[in-house]
Amino acid sequence: MTDTTTNDDSRPDEPVEPDLNECCGNGCTPCVFDTYAEAKRAWQQAVKEWEQRHPDAIHSGQPHLP
């Protein structure tokens, strides 16, 4: 039997900020910027957790969250 599990624990990718033109200005709930803000907070938490698992990566040139 072959083990198909991957050991990919790469640093989480930062979400891409929406362009200003992606907001329609009609007060949608949620707005694309609300969704982005939520994704950004989740990403920041995921990076903190990742940094705890990979403390040596902070000293190897990986950008560190304040």
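Predicted model: local features only at pLDDT ≥ 70, side-chain atom pairs only at ≥ 80, totals over all residues.
Local features were considered only at pLDDT of at least 70 and side-chain atom pairs only at pLDDT 80 or more, whereas totals for chains, interfaces and linings use all residues. Residues are numbered from 1 along each chain as its sequence is written, and side-chain values rest on heavy atoms, with hydrogens and water left out.

Asp13 lies in the segment that precedes α1, a helix spanning 32–53; helices here are DSSP runs of H or I with at least four residues, numbered from the N terminus. With a relative accessibility of 72%, Asp13 counts as exposed, a term that stands for over 50% relative accessible area, while buried stands for under 20% and partly exposed for values in between, computed with a 1.4 Å probe on protein chains only. The C-alpha atom of Asp13 is 9.5 Å from that of Ala46, although 33 residues separate the two along the chain. Pro30 also has its place in the segment before α1, and the peptide bond leading from Thr29 to Pro30 is cis, with omega near 0 degrees.

A disulfide is a covalent bond between the sulfur atoms of two cysteines, and the criterion applied was a pair of cysteine sulfur atoms within 2.5 Å. A search of the whole structure returned 0 disulfides. For Cys23, the closest cysteine sulfur belongs to Cys31 and lies 3.8 Å away, which is too far for a bond; for Cys28, the closest is that of Cys24, at 3.4 Å, likewise too far for a bond. Cys23 is partly exposed, at 30% relative accessibility, and Cys28 is partly exposed with a relative accessible area of 40%.

Terms used: Helix = DSSP H or I, 4+ residues; strand = E, 2+ residues; numbered from the N terminus.
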